[in-house]
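Reader: I am new to this structure. Please take me through one interface in close detail.

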Amino acid sequence: MRKILSVLLAGVLLFPLCLAGADALLVNGAGATFPYPIYSKWFDEYHKKFPDIQINYQSIGSGGGIRQVLAGTVDFGATDGPMTDEQLSQAKTKILHFPTVLGAAVPTYNIPGVTGELNFTPEALAGIFLGKITKWSDPAIAGANRGVNLPAADIVVIHRSDGSGTTYIWTDYLCKVSEEWKTRVGKGASPNWPVGLGGKGNEGVTGLVKQTPNSIGYVELIYAVQNNLPYGRVRNSSGTFVKADLASVTAAAAGAAKTMPDDFRVSITDPPGKSAYPIASFTWLLIPSEFQDAKKREVLVGFLRWMLTEGQKHAAPLAYAPLPKEVVDKEMKALAQIR
Amino acid sequence: MSFRRRWRKSVNAVMLSVTGISALVAVSVLFFILGYLVWHGARALNWDFFTKLPKPVGETGGGMANAIVGSAKLLLLASLVGVPVGLLGGVYLAEFGGRTVSFAVRYATDLLNGVPSIVIGIFAYTMIVLRTKHFSTIAGGLALGVMMIPIAVRSTEEFLRGVPRELREGAMALGASKWKTIATVVAPAAYRGIMTAVLLALARVAGETAPLLFTAFSNRFWSPGWNQPTASLPVMIFTYAIAPYEDWHQQAWAAGLVLLGLVLATSLIARAVLSRGVPMRRS
Amino acid sequence: MAMARAGSGWGPRARALVRRLRSGDEIAHLVTFLFAGSILLIVGLLLNELWVNSALARHKFGWSFFFTRVWDPVFEQFGALPFIFGTLVTSALALLIAVPVGLGAAIFLAELAPPRISDTLAFLLDLLAAVPSVIYGLIGIFTVVPLLREYVEPFLKATLGFLPLFQGPAYGVGFLAAGVLLAVMIVPFIISVSREVLLAVPREQREAALALGATRWEATWKVVVPFARAGIFGSIFLALARALGETMAVTMVIGNAPQIAASLFAPGYSIAAVIANEFTEATGDLYLHALVELGLVLFLLTFVLNGLARLLILLTARRGGAHA
């Protein structure tokens, strides 16, 4: 009996060694969690089209994507916040930014008794997250929501505890609309939040918001849509209260599309435009401009081409806005820079 | 009955019941956690889970076959590092150690035990991943192996020392050299305790997520060989658990259950295979 | 005779050494010494890597790192105090809950329970060690947090609310939740190891006490437990080490707010949690080095607590007890 068990044990232990390595080419990438749903769909579709190619993407966060691509431990990165000049200067080979899709961050809340959509002014959002507006019944909020019975309860602020591209977008917007936010907190993936609880990942924030009465947090649009979370409208620079959806996000990029810089690094929060949603952003793939491994270069260039044409079709069903045509054309030309 | 006697008797009754209640509390929590895990995990378990690869985000179905194999590979590597160092290190401390060296080694072991798993991950990241310029199964296995060492060392030493002096002296009286005594008499006597401890160490590292995040990374596909990133059950559980998709949550519970089941199975098989040796004295 | 010949290559001492080495004992000694020494090597390397990779932060902040309350990655101001506070508070709370329960349960299982039940339960408890931290975190979010928020915290506020420990809004997440969850996670270690150590106490000790007229409890508490004292302390420190370094479960229920608060209901942060949350995203070398320095601080914390532990054992050591 014992002999049988020993053989079994040995077999179980040695079995993994028998798995032969696949002949497929494995390309590794890491970065933003924001576009993870669409990236994973893309890489899967691409693998179905070319079974020999395996693109393994892990969503460890925008900062992680930047760090690992700079360190050379992954073949490409992804980020919701473009790299700064300082970060780019650390790269051994030049890193190129390629926008992929557009997304948005929305304010979600849980106020017992309030079921409709709330309107948020920039001042209200900044005040709440600065900790200066502490009650839901505050005139700054109530003023934009006449007819809604807001309780005089304390606001519980929920933000991200992990470094996050969504946070980057959110704080980027708050910097633009609030001078105090800009000087006191600044923009970044992990700012020093004046108030609030931190939840890990979108799930953490959603969980906390759902469980905590009178709370407010921010999440990615697709996340709110898929989980049926109530989220509010935000007033844009033209004074209209806009709800985030494909149309308003696309409108946000319209202005930038025409004036897109050559390196594709641009911020589209608080843009001009009547129907533009103010807290939207591009998200980028970070591709080194020089590849030692010719095969990997071919794979990535091929993928990018596919992404800009076929891939864009998958964006809308997943609540991401596809890239404006001008941007796509410009990126196609930029592909030549990858050697 | 004198007052003092009555007092002592009631203290006796009260305190013994208190221990009984503590045990009840501990056991209920134990069953609650295991039950919760089994309940949620069993609901999502199906054949696909063990045989298919993960599906892309948003699509239901798929499985964690690559993660199961990945975890097995990682744990194999971890044992190859952790068990020899732990066992032999423990033997040194219990049988051969000089005073200063033993003190240093014991202190170092305690320190290593206290290092949070995430710091070990950072360590493996800077030492291996950055230097080899890619994430790999090896880096992950080594990180886990390092984590196993302290528990293995401490327990080996503890149980070797617990072997009664008479056994050693008997062997030596028969002319056995020191190492022969250890190998043929002392070690078998302490086997049960040591094996328990090694399995405890293995169980502990089987569920570790943090060190793997920066070393083995993760992989959507099968991981060939030992030098590529690999999926593993703990990392998959983590990724799925904090994601927004209900389907993924279920798979996370299922993965947690599978992990537990794997550890249980290994534990049972190992005990059956290795069960020999003098059982320790029980009162 | 061979030793008397001078100038013949190896020399007498070397020859004697080789002869001794051929005996199994010396080989065994050398081999085990090498493996034990490798542990020292690993710890040394670990410390080195941590030291080197935290250089920027150490040079910039110096000792003030330990006393600064601000953690601001955007403006690059880093201070460890809130995290040290959170780590200590949650671990202390966890020990406060887990040690009595764990020790009590261990005593019950070792002394009073029938052997088969004791063994089965111990086996199941060992299994708990394999439950990943994330699962504990999830269970914590779905059970512990709502329980605290709806029942326990309001109850504590109503009865003991005059103490600053129990004031403030009841979020559910916070120091209390983290402490309770940590206690649940470390109890299996305490029970498991304490039980084994208690079982190893020679029967004679117990019987001698009972023969002298002690009650069951007195025999246990005044004779058996002190005999196993070192092992029990060992289990407590094993548990403490786990509590200090616990990452995933803590970050899911502690609220992740880097602040120092008197109330157990308040959200807080721990060293391991902040490293887990921010390490992969830390762009900027100073930021990264500050996080690694936090790792070093945790290391230091373990070092100090270990030292205190050994001191404690030394001071309270009694003759006739099992040794460490």
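Author: What follows is a look at the interface of chain B and chain C.

This is a predicted model: local features need pLDDT of at least 70, side-chain atom pairs count only at pLDDT 80 or more, and totals for chains, interfaces and linings use all residues. Residues are numbered from 1 along each chain as its sequence is written, chains are lettered from A and ligands numbered from 1 in the order in which they are written, and side-chain values use heavy atoms, with hydrogens and water left out.

Start with the contact (heavy atoms within 4.5 Å). Chain B gives 86 residues to it and chain C gives 88 residues. The two chains bury about 7,900 Å² between them. That is accessible area (1.4 Å probe) lost on putting two parts together, summed over both. Carbon and sulfur atoms carry 77% of it.

Now the charged pairs. A salt bridge puts a side-chain nitrogen of Lys or Arg within 4 Å of a carboxyl oxygen of Asp or Glu. Chain B and chain C have 2 salt bridges between them. One of them joins the side chains of B:Arg131 and C:Glu49, at 3.5 Å from N to O.

Next, the side of chain B that touches chain C. Its largest share is 20 residues from helix α1 (residues 3-44) of chain B. Helices here are DSSP runs (H or I, at least four residues), numbered from the N terminus. By class, this side has 57 nonpolar, 17 polar and 12 charged residues. Ala, Val, Leu, Ile, Met, Phe, Trp, Tyr, Cys and Pro count as nonpolar, Asp, Glu, Lys and Arg as charged, and the others, Gly among them, as polar.

Note on methods:
Helix = DSSP H or I, 4+ residues; strand = E, 2+ residues; numbered from the N terminus.
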